[in-house]
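Colleague: I would like to go through the labels used for this model. For each one, give me the value, the cut-off and the conclusion.

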Amino acid sequence: MNDYYQDLGLSRDASAEDIKRAYRRLARKLHPDVNSGPEAEDEFKRVSQAYDVLSDPEKKRAYDMGADPYGGQAGGFGQGFSFSDIMDAFFGGAAGGAARGPRSRKRRGQDALIRLEIDLSQAVFGAERELTIDTAVECGTCHGDGSQPGTGTRTCDVCGGRGEVQQVQRSFLGQVMTSRPCTACQGYGTVISDPCFECSGDGRVRTRRTLKIRVPAGVDTGTRIQLTGEGEVGQGAGPAGDLYVEIHVMPHETFQRRGDDLHCSVDLPMTAAALGTSFKLDTLDGMKDLEIRRGTQAGDVVTMRGMGVTHLRGTGRGDLIVHVNVQTPTKLDAEQEDLLRQLAVLRGEERPEGQLAPVSHGLLGKLRDAFLGK
Ligand SMILES: [Zn+2]
Ligand SMILES: [Zn+2]
């Protein structure tokens, strides 16, 4: 014999309200329209049958006294009704969410997404750009209503303008009134007698247009700029959707961005690193003086404050961080070699002892960055 209480996850003293709530919850989860799992359909039939028995006072009384109205057979319920029909039966039509009556031909248009490549300098300072976009716009011939000028629409004679046809079906929930959109008019309640030649009755045509946009300073790859109402125009001259412009910042050959800081590296001769120097650095802000203090080590960084990327939210800019590569000379002529040997003697460095150095955080950071592929 079927255990209908267990099928609904209920105890034997469940109230009518408990039974209804349990079934509603399970039906939502299991109905084949929403759950394509292989066992969902059988499970759905099983809980529907349980609900059929337990929700009917007479069948329930018989069942509680030990008689299964289905003679112990499983299955056969909940077929032929769509999920929304069942939900409508519970919620009186509100659950499906579908507005009743003829639907408007006006529909909000879809959002559109396009990708915009910019260079690093445009990301740092912002830019004005022109975009060419291809979207649906209102048809100029019919101004969106879809009819040849001077014609118009007539009331659908299949549904009488209601946009839907109703049927009564018997079901385990009692009589269920189901509504289907009218197929003759696709639910609009009216029929376009003479579709517009230009747009075939859609009320819109695709066209290319140019749009100026301001790219704010500080954007990064993945930033989306929303342009309200610049997306696709809706059917029947409905309001346009929004246009999203997704930024893609092209890699720069010198500067690498991390957050709002920019990083670059300079090669410096060993002598300049030892003695200190200054030179002009070609930055995104133009040529700037860069001071290298004496005794600069390989891997040291020089921070140029406020010369990074503009903060997208808030004010100010990140920093430009210059990583110094100290270059050891390789091709020495006789004189240079002689000078270096003299220097080594003067500094007592002819036979320096190699020493294990303590781990520096700078080095650790570099190793970690290398490991993370930064
Ligand atoms: Zn048209
Ligand atoms: Zn109709």
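Modeller: Start with Ser 200, in the loop between β6 and β7. Strands here are DSSP runs of E with at least two residues, helices are runs of H or I with at least four, and both are numbered from the N terminus. This is a predicted model, where local features need pLDDT of at least 70, side-chain atom pairs count only at pLDDT 80 or more, and totals for chains, interfaces and linings use all residues. Residues are numbered from 1 along each chain as its sequence is written, chains are lettered from A and ligands numbered from 1 in the order in which they are written, and side-chain values use heavy atoms, without hydrogens and water.

Colleague: Is Ser 200 buried or exposed, and how do you know?

Modeller: Buried means under 20% relative accessible area, exposed over 50%, and partly exposed in between, with a 1.4 Å probe and protein chains only. Ser 200 has 61%, so it counts as exposed. Its phi is near 55 degrees, a positive value in a residue other than glycine.

Colleague: Which class does Gln 186 fall in, and why?

Modeller: Its relative accessibility is 47%, so Gln 186 counts as partly exposed. Gln 186 sits in the loop between β5 and β6. It is not a glycine either, yet its phi is positive, about 55 degrees.

Colleague: What does the pair Cys 156 and Cys 185 tie together?

Modeller: Cys 156 is in the loop between β3 (153-155) and β4 (164-171), and Cys 185 in the loop between β5 (174-181) and β6 (190-192), so the pair ties together parts that are 29 residues apart in sequence. Cys 156 has 2% relative accessibility and therefore counts as buried. Cys 185, with a relative accessible area of 2%, is buried.

Colleague: What are the angles at the zinc ion (ligand 1)?

Modeller: They run from 104 to 117 degrees, and the site is tetrahedral. Its protein donors are the SG atoms of Cys 139, Cys 142, Cys 196 and Cys 199, 2.3 Å from the ion. Cys 139 lies in the loop between β2 (127-138) and β3, and Cys 196 in the loop between β6 and β7 (204-215), so this pair ties together parts 57 residues apart in sequence.

Colleague: How many aromatic pairs does the search find?

Modeller: Three in the whole structure. Rings of Phe, Tyr and Trp (its six-membered ring) pair if their centres lie within 6.5 Å; planes under 30 degrees apart are stacked, over 60 edge-to-face, the rest tilted. Tyr 5 and Tyr 63 have centres 6.1 Å apart and planes at 35 degrees, so that pair is tilted. Both are buried.

Colleague: How are the rings of Tyr 23 and Tyr 51 classed, and why?

Modeller: Their centres are 4.4 Å apart and their planes at 10 degrees, so the pair is stacked.

Methods
Donors are N, O and S atoms within 2.8 Å of the metal (3.2 Å for Na, K and Ca); water is not among the atoms, so sites may look incomplete. Four donors count as tetrahedral if all angles lie between 85 and 135 degrees; four count as square planar and six as octahedral if opposite donors are over 155 degrees apart and all others between 65 and 115; anything else is irregular.
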